[in-house]
Amino acid sequence: MLKRSLLFFFVVFINLYGFSQYKNSDSLKTRLAAATGKEKADVLIHLAKSTYKKDPATAQKYLEELEPLSKTLNYEYGLINCKLVSGKIDFNKKDYDNAFVKLKDMRDRSLVIKDTKLITESYYLLASLYQETGKPAEIDAVIESLKPYKSSREGQEAIAKSHRSKGMYYYYKGNFKEAGEEFIIARNGLKAINDYGAAAGIGMNIGVIQYKLGDIKESILTVETAMADAKKFHDTLMIADCLTNIAISEYALGNMEKSVKLQEEANAIYQQQNNTGRYQSGLLNLSGNLLNSGKTDLALKYVLSALDNSRKNGNQIQIAICLRQLADVQLVNGDTLRSIQYLNEVLEVSKKKSICKR
């Protein structure tokens, strides 16, 4: 039987610096029309923070109104938040040089006005930036700088998130043992302040690392704990991600039926959530598992569903991956000619999109 590299995916929690989106943006816009002075500046801050991720251009317009208003009012809090949101926008654009200048300015200004929340936020945002630019020593310096604030909730949260950033740095360097150690510190720190939602995501990371280090059973237990935390907050997407990771581990232990059942359960949630990317990956997981187990008819069913899903979404990369997997299925079935036809289709799609990868 053909042995191939499975298209498994592990969902790693990478949300570097979450900021809760304001659901009452319409009411804020209404308030903005009537507000003056510092109240208007505060509304502009909230609007910029609620839009910078999905609509950075609109957020930038709010900042362009906020900055001169804050200068006129001599409102340092408004100016600091201009640096905060603008730095996040640059960060998301991977404009790390400008992001660093703005976030460092935010930190320095926050230290002057002695605002603990802004100080600690600026530090862990810098830690996220150092993670992206590969500077673990600077993350250590951030953690050291945060120690005077560790008695506050904000300080504990910032320290935990900075350890998470260092864990992510190690993870992408392939230093899984070190990554795991940092994630455990981060998870424990977040649980200490009862932030079980964020702790669940990091717990899933720890399970991923345990899997990669070969401790499959321990990985299952860790991810099950993370899933229990996710259920407390009704985070259905994270629950599905946990189910996927457990399904992968069960497959590695040879528990095929359990693995398929768990992945199907996860896929049902992805479909309900209209998360086409994860649903697609889940279908390919199922197909890969079944193919390696000799159940080619079922493998074909799932990969055809994945291909149909990819074509509906017009995702050329996913189409190429599905065609590649179809070639594997046909090769296992002994249909070499059809397998070659699918591989030729992969090449055609890959040439068009410059994604020629095996």
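Predicted model: local features only at pLDDT ≥ 70, side-chain atom pairs only at ≥ 80, totals over all residues.

Biologist: How are helix α4 and helix α5 oriented relative to each other, roughly parallel or roughly antiparallel?

Modeller: Helix α4 spans residues 76-92 and helix α5 spans residues 96-113. Their axes come within 8 Å and cross at roughly 155 degrees. Angles over 145 degrees count as roughly antiparallel, and therefore α4 and α5 are roughly antiparallel.

Biologist: Into which classes do the residues of the contact of α4 with α5 divide?

Modeller: The α4 side includes Leu79, Ile80, Lys83 and Phe91, and these meet α5 residues including Leu103, Met106, Arg109 and Ile113. α4 passes α5 in a left-handed crossing. By class, the residues of this contact are nine nonpolar, four polar and six charged.

Biologist: How is α2 oriented relative to α4, roughly parallel or roughly antiparallel?

Modeller: Helix α2 covers residues 37-51, and its axis comes within 10 Å of that of α4. The two axes cross at roughly 10 degrees. Angles under 35 degrees count as roughly parallel, so α2 is roughly parallel to α4.

Biologist: Which residues of α4 make the contact with α2, and how many of the contact residues are nonpolar?

Modeller: From α2, the contact is made by Asp42, Ile45, Ala48 and Lys49. Their partners in α4 are Tyr77, Gly78, Asn81, Leu84 and Val85. The contact of α2 with α4 has two polar and two charged residues, and its nonpolar residues number five.

Biologist: Is Asn81 buried or exposed?

Modeller: Asn81 lies in helix α4. Beyond its neighbours within four places in sequence, Asn81 is in contact with Ile45, Lys49, Leu63 and Leu118. The relative accessibility of Asn81 is 1%; since buried means under 20%, Asn81 counts as buried.

Biologist: How many disulfides are there?

Modeller: Cys82 has a relative accessible area of 7% and is buried. Cys242 is buried as well, with a value of 0%. A disulfide would require a pair of cysteine sulfur atoms within 2.5 Å, and by this rule the count is zero.

Biologist: Which residues does Arg153 touch, not counting residues up to four places away in sequence?

Modeller: Arg153 is found in helix α8, residues 153-173. At 43% relative accessibility, Arg153 counts as partly exposed. Arg153 and Thr244 are 33 Å apart, C-alpha to C-alpha. The residues that Arg153 touches are Ile193 and Asp195.

Methods. Residues numbered from 1 in each chain as written. Heavy atoms only, no water. Axes fitted to C-alpha atoms, helices over the stretch in contact; angles between N-to-C directions. Helix = DSSP H or I, 4+ residues; strand = E, 2+ residues; numbered from the N terminus. Parallel < 35°, antiparallel > 145°, perpendicular 65-115°, else oblique. Left-handed = near helix turned anticlockwise from the far one by under 90°. Contact = heavy atoms within 4.5 Å. Nonpolar A, V, L, I, M, F, W, Y, C, P; charged D, E, K, R; others polar. Buried < 20%, exposed > 50% of the residue type's maximum accessible area, 1.4 Å probe, protein only.
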